Amino acid sequence: MSPLDPRKFTRLENFGHSLAAPSFVYRPVETGEIDEIFRAARRDGFTVTLRGGGRSYNDAALNGGGVVLDLGGLSRILDWDPAAGRVRVEPGVTLQQLWQKVLPDGWWPPVVSGTMYTTLGGCLGMNIHGKNNFVAGTIGEHVREFTALLPTGATVTCTPRKNGDLFRAMIGGMGMLGVFISITLQMKPMHSGLLAVSAYPVRNLEEQLCALSAGAPQHAYIVGWLDATARGRGLGRGQIHAADYLPEGTDPECQRTMQVAYQTLPATMFGIFPKSLIHHFMKPFMNNPGTWGVNTTKYLLSLRRGRYRQSHASFHFLLDYVPDWELAYGPGGLVQYQSFLPLATAADAWRALLDLSHRRGLPSYLGVTKRHRPDEFLLSHGVDGFSLALDFKVTSGNRPRLARILQEFDEIVLQAGGRFYFAKNSETNPQSARRFLGQDAIARFMALKKRCDPQHVLESDLYRRVFLG
Ligand SMILES: Cc1cc2nc3c(=O)[nH]c(=O)nc-3n(C[C@H](O)[C@H](O)[C@H](O)COP(=O)(O)OP(=O)(O)OC[C@H]3O[C@@H](n4cnc5c(N)ncnc54)[C@H](O)[C@@H]3O)c2cc1C
């Protein structure tokens, strides 16, 4: 078989639909098929990219002209121990499959992304963080063991102690060292399918960051919405959502609230309107005045503080409420720019970013803030500080201006001692990567690359952009 079969040639896009790359796409269902493709790649000299749910905002799971392995077909839960809360999965298992398996037994994944459609392989490949990063760290901190198939054909098992250097490099290693083929994770015990949530407004950037700092030690989760269209005294205003687990015995209906049927997000609004249509109705508002109007209304509504109980799924996966919401951005799609800044420099740096975006007429339509902590993974985006994720609409008219402003943002962030996340930004260049990761981390990563993948079989558009560019 030649993996470069023209019938397999498919146009793949990033999650934001702002990038596209034609590739030869294969969907293995057994590890042996991956091994076969690696063997052909070593022989014929083509490159291979691993793809999970394709939920990265950028080019992480794209490989223009090469082979892409869609690992969604390796989606078996191999072992579940409900007494210990330990699960072993294939890499294509999604967070949705995982929480639906473990919650009825009283457990929840320790770290989740803002969508449940990511796979465990993709989550480890990027070392995702959740709204509890300040206390739980990244998902990698909850991995007890993984087995990986290397492009050489060798199989390796890693734990934090055994092959520890590879453990800390493959997690967050953008799928460039090998394929996770089985992953063992520790879940977190729950006594209810509900969280106790508090929602309160913040009037500006300083209040936003103070609220995250002060709130984080008191809560299990905290996240901020930032109205990036607001300027002047209201710059950085928004709303904080903090959430806590319910202590044992405080949810009289816990048997019911922990069932999948209770958690599942409804397919309709008000019981009648299909949510799959909502993104069409969002489209007319996806411009500067429209988003300003929507954000201002949202902010005014948020001035009323709220305390309520909410299911885990609806708290964590808010964005999944509106299926295909990213299509509302139109044919150019969107890019997300996420920067991670230390406590001391975040406010000034983000004021500079937001001011610049307004001066250039390129406001972000969605801003999200979180509180973070550093971690020990080799290609880490962690800081003792905060992150701000900003979504920007891409059009044929603004694409070059957007690319330029994102480079300017990089300079502001780097000057302030910040870091970036390889699952998000589309413009990070090799110089920026060197500056935030440090030459030593890159040299150590490249030494492992040489050991695990001497023929450079694993490459992606992201890897070429950031490490080979
Ligand atoms: C709506 C939305 C909300 C999000 N919220 C968050 C958030 O809160 N926190 C956060 O950290 N991220 C968040 N993300 C980003 C997302 O979690 C990451 O991009 C994640 O890596 C996507 O997983 P995936 O399965 O779609 O992987 P893909 O995007 O398909 O791949 C991601 C990377 O993992 C590699 N990879 C995939 N499978 C394997 C494997 N088996 N072995 C080795 N490498 C592999 C790929 O090569 C690629 O480099 C969000 C994304 C979206 C769309």
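In the predicted model, L50 has L69 of strand 4 as its bridge partner. Strand 4 spans residues 67–70 and is joined to strand 3 by four bridges, the two strands running parallel. Both belong to an open sheet of four strands, in which the order is 1-2-4-3 and the pairing is mixed. Strand 1 (9–13) and strand 3 each have a single partner strand and stand at the edges, so one side of each is left without a neighbour in the sheet. On average, neighbouring strands of this sheet are turned by 45° against each other, direction ignored.

L50 is also one of the residues closest to the ligand, together with R55, S56, T119 and Y421. The distance from a backbone N or O atom of L50 to an oxygen atom of the ligand is 2.6 Å. For R55, a polar backbone atom lies 2.7 Å from an oxygen atom of the ligand. A polar backbone atom of G122 is placed 2.8 Å from a ligand oxygen atom. The ligand taken alone exposes 970 Å², of which the protein buries 98%.

In total, 35 residues surround the ligand. By residue type, this shell divides into 16 nonpolar, 15 polar and four charged residues. Strand 3 (48–51), helix 3 (120–126) and strand 10 are the elements that give two or more residues to the shell. Of the elements, helix 3 gives the most, with four residues.

Strand 10, which contributes to the ligand shell, is part of a second sheet. This open sheet has five strands in the order 5-6-10-8-9, and their pairing is antiparallel. Its edge strands are strand 5 (77–81) and strand 9 (155–158), each of which pairs on one side only.

Within strand 9, V156 is the bridge partner of A148. Helix 1, residues 31–44, lies across strand 8 and strand 10 (179–186), and runs at about 50° to strand 8. Helix 2, residues 95–102, packs on the sheet as well, where it touches strand 5, strand 6 (86–89) and strand 10. The direction of helix 2 makes about 30° with that of strand 5.

Conventions:
Residues numbered from 1 in each chain as written. Predicted model: local features only at pLDDT ≥ 70, side-chain atom pairs only at ≥ 80, totals over all residues. Heavy atoms only, no water. Pairing = 2+ DSSP bridges. Contact = heavy atoms within 4.5 Å. Axes fitted to C-alpha atoms, helices over the stretch in contact; angles between N-to-C directions. Near = heavy atom within 4 Å. Polar contact = N/O pair within 3.5 Å; in protein donor to acceptor, adjacent residues only side chain to side chain. Areas by Shrake-Rupley, 256 points an atom, 1.4 Å probe, with all protein chains shown as cover. Nonpolar A, V, L, I, M, F, W, Y, C, P; charged D, E, K, R; others polar.
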